[in-house]
Amino acid sequence: MQLWKGRFQKALSKTTNDFNSSISFDSRMYREDIEGSIAHSKMLGECGIITKEDAEAIGQGLRGILEDIENGKLSIDMEAEDIHTFIEGELTARLGDTGKRLHTARSRNDQVAVDLRLYLKKQIDEITSLIESLVLVLCQKAEEYSETIMPGYTHLQRAQPITFGHHLLAYSEMFLRDLNRLSDCKRRMDVMPLGCGALAGTTYPIDRTITAQLLDFEGIAENSLDGVSDRDYCIELAGALSIVMVHLSRFSEEIIMWCSHEFKFIELDDAFSTGSSIMPQKKNPDIAELVRGKSGRVFGDLMGLLTVMKGIPLAYNKDMQEDKEAIFDAVDTVKMCLTAFTPMLDTMKVLPQNMRKAAAGGFINATDCADYLTKKGLPFRDAYKATGEIVALCIEKDCTLETLPLEEYKKVCDIFDEGVYEAIGLEKCAYERKSRGGPCPDNVRANAQRVKNYITGKNTENK
């Protein structure tokens with residue numbers, strides 16, 4: 001059934017129909033289309049635009065279609081133009097003229113817009129739940145390894161000693177920002193476009209507040225042109241999801257490095273690794289690599305949406321049909337990555353002894369050596385220069401700051417005494433960094449609890 005065929009004298013060519021069709025991807029919104037239609041028909045009945053008996057019959061008919069689709073009695077016809085046409089056609093086949101009254105005071109333009117907003121609001125909730133699960137795993141691991149020494153890096157060079165728990169909680173902060181972005185995106189998305197019609201509203205005496213309340217929207221689109229042509233919420237969601245993928249990709253890169261022989265900080269569980277078809281010794285971090293690779297898909301989806309929308313005049317244009325495949329792919333990809341990434345992280349084996357060994361090399365306690373001199377009264381820049389000379393001396397003698405004899409220290413600066421060895425101990429270097437946001441174990445445990453409280457409190461509020 002083609003809703004617009006009355007104007008045309010000639011049948012649509014199969015090529016045009018196939019090119020025009022969107023049911024292959026918008027069929028996933030059948031629940032939302034039915035929800036929106038039930039609310040619309042109820043409003044029509046409440047406003048006296050159709051009889052309450054017709055409105056009730058339409059509602060029952062739509063609920064019957066939903067039940068039949070979900071229990072497998074009714075298959076969605078992939079030859080239909082779109083999901084909206086299919087459901088209206090099925091309703092008309094069941095109810096006759098009563099079914100034809102459903103589309104009163106409504107256009108497919110505002111119908112599509114409300115379906116997409118309803119669908120994406122639900123998807124944001126699902127993605128939020130997946131990110132929260134990942135953050136809770138990070139918190140549990142951070143508490144478990146709050147005292148585990150590892151090297152912190154800048155420029156991928158060993159820089160200063162930190163704790164593994166502190167490193168993990170850096171990602172929890174990133175994901176908390178992602179949660180806030182998704183929440184903000186959903187808040188701006190929570191505006192109902194039904195009633196905007198094709199672009200200019202309607203002459204029927206509708207009450208849009210009834211429909212908004214039935215569909216649990218916080219607001220109503222106040223400009224009919226904008227209501228049907230706005231896809232900012234798709235772009236904004238794709239942007240938020242792109243940042244989620246940036247964070248997952250960065251984390252994946254570290255996991256890939258950490259489980260390499262060169263680092264060997266962790267070992268991934270067999271259930272979340274793969275092997276080689278020719279090299280029997282291999283254990284590959286394929287999940288992390290795929291997450292890193294799939295980030296490009298989501299970035300591409302964002303660029304696709306921006307490109308589609310950048311030159312479209314008001315109001316609706318068929319170009320906008322391209323919004324769905326892009327945002328659906330971004331949503332699906334992020335959900336798939338989170339679903340695989342979280343258990344991989346949860347089951348990984350941490351190798352603290354290897355982290356500690358790596359931290360012992362690379363002079364990552366040099367800053368603490370300079371601070372030791374500064375606390376004894378030497379200006380920091382002088383302390384920095386003296387420590388640099390000592391590091392050079394250690395390299396020349398093939399030793400570490402911990403093993404360099406005290407007499408060698410004194411040759412560079414006579415302020416040094418036996419206390420330097422305690423000051424540059426790796427545990428002391430990390431554990432004494434008690435400044436707010438620092439890596440000491442107490443901070444790590446407190447921050448992990450703070451994040452857990454935020455997540456669990458947020459879930460309690462939602463209930």
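Select Tyr372, which sits in helix α15 (residues 366-375); here helices (H or I, at least four residues) and strands (E, at least two) are DSSP runs, numbered from the N terminus. The model is a predicted one, in which local features need pLDDT of at least 70 and side-chain atom pairs count only at pLDDT 80 or more, while totals for chains, interfaces and linings use all residues. Residues are numbered from 1 along each chain as its sequence is written, and side-chain values use heavy atoms, with hydrogens and water left out.

Is Tyr372 buried or exposed? Tyr372 counts as buried because its relative accessibility is 10%; buried means under 20% relative accessible area, exposed over 50%, and partly exposed in between (1.4 Å probe, protein chains only). Now show what Tyr372 touches, not counting residues up to four places away in sequence: Ile415, Phe416, Asp417, Gly419, Val420 and Ala423. Contact means heavy atoms within 4.5 Å. For a sense of scale, draw a C-alpha to C-alpha distance from Tyr372 to Ile206: they are 76 Å apart in space and 166 residues apart in sequence.

**The two cavities**

Rolling a probe the size of a water molecule over the atoms shows where empty space is left. A cavity is a set of points, on a 1 Å grid over the protein atoms alone, where a 1.4 Å probe fits but cannot get out; lining residues have an atom within 4 Å of a point. Grid points are joined across faces, edges and corners, and a volume is the space filled by probe spheres set on the points.

How many cavities of 30 Å³ or more does the structure hold? There are two.

Ala105 is not a glycine, yet its phi is positive, about 60 degrees. With a relative accessibility of 11%, Ala105 counts as buried.

For the second largest cavity, with about 40 Å³ of space, select Ala359, Ala360, Gly361, Phe363, Ile364, Asn365, Thr400, Leu401, Glu402 and Leu426. This lining divides into six nonpolar, three polar and one charged.

**The largest nonpolar core**

A nonpolar core is a set of buried Ala, Val, Leu, Ile, Met, Phe, Trp, Tyr and Cys residues joined through side-chain atoms within 4.5 Å. Select Leu120, Leu237, Leu248, Phe251, Ile255, Ile266 and Ile327, which touch the most other members of the largest core, a set of 73 residues. Elements that each supply at least two residues include α7 (108-144), α11 (232-258) and α13 (322-347). Of the contributing elements, α11 gives the most, with 14 residues.

Which residues are in contact with Leu237, leaving aside its neighbours within four places in sequence? They are Leu120, Ile124, Leu182, Cys185, Met189, Ile327 and Val331.

**A loop and a hairpin**

Go to Glu147, in the loop between α7 and β1 (149-154). Glu147 is partly exposed, as its relative accessible area is 46%. Beyond its neighbours within four places in sequence, Glu147 is in contact with Thr163, Tyr431, Pro441 and Arg445.

Next, select β1 together with β2 (residues 157-163): the strands run antiparallel and are joined by six bridges. Two strands pair if DSSP finds at least two bridges between them. Tyr153 stands opposite Arg158, and Thr154 has Gln157 as its bridge partner. Two residues lie between the strands of this hairpin, where His155 takes a positive phi near 55 degrees.

**Two backbone stops**

Select Leu314 and Ala315, joined by a cis peptide bond with omega about 5 degrees. Ala315 lies in the loop between α12 and α13.

Finish at Lys264, in the loop between α11 and β5 (266-267). Lys264 has a positive phi of about 55 degrees although it is not a glycine, and is partly exposed at a relative accessible area of 29%.

Conventions. 1 Å grid on protein atoms, 1.4 Å probe; cavity = no way out; pocket = protein on both sides within 12 Å on 5 of 7 lines; lining within 4 Å. Nonpolar A, V, L, I, M, F, W, Y, C, P; charged D, E, K, R; others polar.
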